[in-house]
Amino acid sequence: MKKKINSRLIAIAVLAVVATALGITMIYYGLFQRQVQSDLQMCAEALRDTGIFQKENRQTILANYTNSQSQQNSIPDLRITWVDSDGTVLYDKDMNAAKMENHADRPEIRDAFENGTGAIVRESDTMNMSTFYYAIRLKDGTVLRVSTEARSMVSVFVTVAPAIALILAVIIVVCVFLAHLLTKQLLQPIEKMAQNLEDTSDGAEYKELVPFMNTIRMQHENILAAAKSRQDFTANVSHELKTPLTAISGYAELIENHMVDVSQEEHIAKEIRRNADRLVTLINDIIRLSELDHSQEQQGFELLDLYEVASECTEALVMNAQKRNISLTLTGTSCMVRANREMIRELMDNLCQNAIRYNNEGGYVHVTIAKENDKPMLIVQDNGIGIPKNQQERVFERFYRVDKSRSRETGGTGLGLAIVKHIVELHDAKLYLDSEVGEGTTIRVEF
Ligand code: ADP
């Protein structure tokens, strides 16, 4: 940033100085040109008014006023040329008139013949000098031309170039110093903000930076929250894995030390298997969550019938429900949605399993597929134990359980609804939970 400001400031200064120098030179050169022209005009008119330039005086003029003969009398730097009405040079102060070519085609002389006066500036070959001409028509039809040499604009500019270079050098030094000060001043509040990222009371000094600052703060908070949630998740996973592993290890130790009766063997083997199954389920759910975390949006999506998937799902769970004397029914009509079949199965499976798991003897689970306001809906309704209002938000958190022992006893991992929430988000769907303790729970997914 400092380098950029430095170079930009210097570039602006160089541009400004060069442009100003060029502009001023052009303006002054214009004025200078006009001055020279008007001086020449005055000279020409004065010479005309003397009345000397008449054909009968030509010999006298030639004899007395050429440079070679009368150096002292001549006006330095002013050249006088007298041209006859056919363009023949009658007299020239610096050159031999007889040897000079016809001047009728010179623009300033042509103009003077036509309009009475003519003026022109001609650059020398080297562009160093300019010759200014002014021609005036006399009464007898001849033309008197005066000219002088002056420096050209290029040469004036070249002369002022060292001064410009010096000014530029000074300005560049000042710019470097100013850029240093400016960047320091500009960056100070930004550096301060970067140091106090967490302090929201510290308002940004530049209002243009407020949205940027808010985004950074939000991202910062999100990163901290994500880190915290990862930490919590790791702690929870370790804890969840530890319980069945400790049980398995304990039973193995009993067997190792021959402390198990033959009559207890079956029970112990069952317990080991139950705990091992629990570990497998838990690990499967953790793997599934991590897959969903990394799953790219709308991957493996197809047009599928919600009713068809719900029917497969309820069929698979009907035995499970019967074991607990719970009726599981499916109603509704076929509803097409764009979705990932495996994920939808998983979602329905989790919701139905929960409805069975947290139900009472003789309870029911109704699964409905319907269209409400033209939107496909999946509704899983039970008349089970219900979820207290103050915990309804939290049940979607990973490992959050209302009734821990019931969840564990029935093979719950505390991850089911977290997986459901994830799948719903991946499908851009909406999730509604409606529950009353002792009356039951209804979960709706609106696609
Ligand atoms: P779990 O594997 O323990 O069932 P979930 O994430 O699926 O974990 O659910 C979180 C908690 O929400 C459960 O432990 C349970 O307390 C509660 N819950 C979920 N579904 C229902 C339901 N249909 N009725 C009552 N409570 C429920």
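**Walking through the model**

Q: Let's start with Gln37. Which residues does Gln37 touch, not counting those up to four places away in sequence?
A: Gln37 touches Ala119, Ile120, Val121, Phe132 and Tyr133, with residues up to four places away in sequence not counted. Keep in mind that this is a predicted model.

Q: Where does Gln37 lie?
A: Gln37 lies in helix H1.

Q: Is Gln37 buried or exposed?
A: Gln37 is buried. Its relative accessible area is 18%. The cut-off for buried is under 20%.

Q: You mentioned Phe132. Which aromatic cluster does Phe132 form part of?
A: Phe132 forms one aromatic cluster with Tyr29 and Phe32.

Q: And Tyr133? What lies over the face of Tyr133?
A: Arg122 does. It lies 4.3 Å from the ring centre.

Q: Where is the place of Ser152?
A: Ser152 is in the loop between strand S5 (143-151) and H4.

Q: Buried or exposed, that Ser152?
A: Ser152 counts as buried, at 1% relative accessibility.

Q: Now rings. How many aromatic pairs does a search of the whole structure find?
A: The search finds 5 aromatic pairs. One of them is Phe53 with Tyr91. That pair is tilted, with 6.1 Å centre to centre and 45° between the planes.

Q: Give me another pair. What is the geometry of Phe233 and Phe399?
A: Phe233 and Phe399 form a tilted aromatic pair. Their rings are 5.6 Å centre to centre, with 35° between the planes.

Q: Which parts does the Phe233 and Phe399 pair tie together?
A: Phe233 lies in helix H5 (residues 210-256). Phe399 lies in the loop between strand S10 (375-382) and helix H9 (404-409). The pair therefore links parts that are 166 residues apart in sequence.

Q: How about accessible area for Phe233 and Phe399?
A: Phe233 is buried, with a relative accessible area of 19%. Phe399 is buried as well, at 7%.

Q: What lies over the face of Phe233?
A: Arg398 lies over the face of Phe233, at 5.3 Å from the ring centre.

Q: Let's switch to the ligand. How many residues surround the ligand, and which are the closest?
A: 20 residues surround the ligand. The closest are Asn354, Tyr358, Ser407, Thr413 and Leu417.

Q: What lies 3.1 Å from an oxygen atom of the ligand?
A: A polar side-chain atom of Arg357 does. There are backbone atoms to look at as well. A backbone N or O atom of Gly414 lies 2.8 Å from a ligand oxygen. A polar backbone atom of Leu417 is also 2.8 Å from an oxygen atom of the ligand.

Q: How much of the ligand does the protein bury?
A: Taken alone, the ligand exposes 530 Å². The protein buries 98% of that.

Q: Another topic: Leu168. Where does Leu168 lie?
A: Leu168 lies in helix H4 (residues 153-195). Leu168 is buried, with a relative accessible area of 15%.

Q: What is Leu168 in contact with, leaving aside neighbours within four places in sequence?
A: Leu168 is in contact with Ala13, Val14, Val17 and Val18.

Q: How far apart are Leu168 and Glu409?
A: They are 86 Å apart in space, C-alpha to C-alpha. In sequence they are 241 residues apart.

Q: Last topic, backbone angles. Which phi does His258 have?
A: His258 has a positive phi of about 50°, although it is not a glycine. His258 is found in the loop between H5 and helix H6 (262-294). His258 counts as exposed, at 72% relative accessibility.

Q: And what about Asp374?
A: Asp374 has a positive phi of about 70° and is not a glycine. Asp374 is found in the loop between strand S9 (364-372) and S10. Asp374 is exposed, with a relative accessible area of 66%.

Terms used: Residues numbered from 1 in each chain as written. Predicted model: local features only at pLDDT ≥ 70, side-chain atom pairs only at ≥ 80, totals over all residues. Heavy atoms only, no water. Phe/Tyr/Trp six-rings, centres within 6.5 Å; stacked < 30°, edge-to-face > 60°. Helix = DSSP H or I, 4+ residues; strand = E, 2+ residues; numbered from the N terminus. Buried < 20%, exposed > 50% of the residue type's maximum accessible area, 1.4 Å probe, protein only. Lys NZ or Arg CZ within 6 Å of the ring centre and 35° of its normal. Near = heavy atom within 4 Å. Polar contact = N/O pair within 3.5 Å; in protein donor to acceptor, adjacent residues only side chain to side chain. Areas by Shrake-Rupley, 256 points an atom, 1.4 Å probe, with all protein chains shown as cover. Contact = heavy atoms within 4.5 Å.
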